[in-house]
Amino acid sequence: MIKITDIHKAFGKNEVLKGIDVEVAKGEVIVIIGPSGSGKTTLLRCINFLEKADSGKMTLGSTQVAFKHATSKEILAIRRQTAMVFQSYNLFNNKTALENVMEGLVTARKVPLRQAAEIGKNMLDKVGLADKHNAYPSRLSGGQQQRVGIARALALNPEVILFDEPTSALDPTLVSEVLAVMKKIAQEGITMIVVTHEMSFAYDIANRILFMDGGVIVEQGTPKDLFVNAKEERTKQFLKRIVPEWSYNI
Amino acid sequence: MWGEAMEGFFNISLVVEALPQLLTRLHITLFLVVAATILGIVAGIIIALLRIYRIPGFNQISLLYISFMRGTPIIVQMFIVYYGLPAILSSVGININRWDKMIFLILTYGLNMAAFLAEIIRAAIVSVPIGQTEAAYAVGMTRLQTFWRIIAPQAVLMGLPSIGINIVGLLQDSSIAFLLGIVDVMGKARAIGANTYHSLEAYVGAAVIFLVITLLLEKVCATIERRLTMKIIGD
């Protein structure tokens with residue numbers, strides 16, 4: 001499904017990704033955790049070429065690319081098989097909720113308007129915003145905007161949806177509505193790669209958790225493997241700091 | 001005796017008399033403003049995009065150009081274009097002596113506008129949050145699609161108030177165009193003043209016309225801004 005081999009990325013002198021291999025199977029939900037600066041967001045953004053990696057290869061579905069030498073055509077092909085949900089929602093301010101969801105279909109995938117509207121409405125209903133089709137982002141709460149963002153990603157029916165800290169900018173009271181939607185689509189078998197700090201959520205929906213630190217994957221495993229029986233010291237230190245209740249052996 | 005002295009200084013009925021004569025030349029003033037604005041917007045967009053994409057070479061040239069246009073009096077620019085352009089072109093064998101003076105004026109005012117508008121347009125485009133572009137790319141849109149469908153509408157809304165102000169400024173700047181000899185509203189005012197020895201009333205009449213047009217322009221701009229805001233961000 002997605003296979004990334006030996007990806008490297010440096011910002012000037014600062015090496016942020018130091019040779020990472022990741023493999024994600026269809027329908028898998030991968031959660032990436034780790035301290036700030038560990039490269040988790042950079043890894044995600046390299047997948048859809050919002051950052052250009054320095055070296056490495058990726059296979060996405062049936063498309064193969066080399067990160068450094070990818071042509072614009074290849075980049076477009078990759079982007080048209082992925083979708084991203086952003087930390088700051090990034091809804092198109094000059095479009096309504098429905099138009100936001102339809103935009104990628106109509107513009108990038110040449111789907112006829114009527115069909116796109118149909119899909120758009122279904123997706124907005126799915127995330128619980130059936131009554132907000134014609135609302136502009138400026139009229140929606142953060143949680144609602146993020147749900148539109150998720151609907152926008154779902155509508156594209158991508159190989160994988162990339163979530164970049166989807167709840168980090170949200171009011172704590174609005175976090176749960178977004179996590180509920182994410183849990184729902186995870187259970188429907190959508191392939192997801194999620195970068196998050198929401199540990200109990202990670203434990204709840206992940207098939208596999210990757211712990212990144214200093215540009216490498218330190219350890220990975222099922223939620224139980226990691227949270228309860230972490231092997232690496234760095235992993236244990238990180239989890240102890242942010243999930244105190246998981247450091248007890250059960 | 002008082003009445004006579006006052007009448008000698010300022011006679012409002014002469015202003016009223018001058019107005020219809022001045023209005024016959026209004027279309028010249030308006031034509032100059034509209035044509036220069038169109039040229040200014042087109043050239044302004046090109047310069048703004050050249051600067052945003054940092055095309056090597058063009059960036060330096062356009063900075064120089066903008067500095068010059070914004071830093072020198074427009075009357076100087078006018079004469080440089082009027083006397084300089086034919087001289088330069090004749091040295092390469094192109095004769096433009098037959099060109100209408102209006103062309104020189106539209107060029108001068110248009111290029112001047114472009115310098116101011118380039119900065120406004122560039123700032124407006126750059127002020128659209130980068131997240132908008134990233135979301136568009138992530139959804140699979142090309143650069144061009146992103147610009148036309150997402151960035152440009154939002155940038156237009158940002159830049160409209162400033163552009164409106166610059167058009168009003170252009171209208172005022174056009175008041176010295178008559179120095180090249182065209183007969184617009186100001187040119188007619190000078191002619192009336194020369195004929196009747198009542199220059200003050202003629203220019204006051206011209207001022208009234210300029211004032212009314214400015215007010216109308218501001219009204220139109222405000223309406224356009226309101227409509228676009230409704231349409232573009234539904235507020």
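Predicted model: local features only at pLDDT ≥ 70, side-chain atom pairs only at ≥ 80, totals over all residues.
User: Which element gives the most to the side of chain A that touches chain B?
Analyst: At least two residues each come from α2 (72-79), β6 (82-85) and α3 (97-108) of chain A. The largest contribution to this side is four residues, and the element that supplies them is α3(A).

User: How do the residues of the side of chain A that touches chain B divide?
Analyst: Chain A brings 27 residues to the contact, and chain B brings 21 residues. On the side of chain A, the division is ten nonpolar, eight polar and nine charged.

User: Which residue of chain B forms a salt bridge with Glu103(A)?
Analyst: The rule finds two salt bridges across the interface of chain A and chain B. In one involving Glu103(A), the closest N and O atoms are 2.4 Å apart. The partner of Glu103(A) is Arg149(B).

User: What area do chain A and chain B bury between them?
Analyst: Carbon and sulfur atoms account for 52% of the buried area. The total for chain A and chain B is about 2000 Å².

User: Is Asn11(B) buried or exposed?
Analyst: Asn11(B) sits in the loop between α1 (2-9) and α2 (12-23) of chain B, and its side chain makes a polar contact of 2.7 Å with that of Ser13(B). The relative accessible area of Asn11(B) is 17%, and buried means under 20%. Asn11(B) is therefore buried.

Notes. Residues numbered from 1 in each chain as written. Chains lettered and ligands numbered in written order. Heavy atoms only, no water. Buried < 20%, exposed > 50% of the residue type's maximum accessible area, 1.4 Å probe, protein only. Polar contact = N/O pair within 3.5 Å; in protein donor to acceptor, adjacent residues only side chain to side chain. Contact = heavy atoms within 4.5 Å. Buried area = accessible area lost by both parts, 1.4 Å probe. Salt bridge = Lys/Arg side-chain N within 4 Å of Asp/Glu carboxyl O. Nonpolar A, V, L, I, M, F, W, Y, C, P; charged D, E, K, R; others polar.
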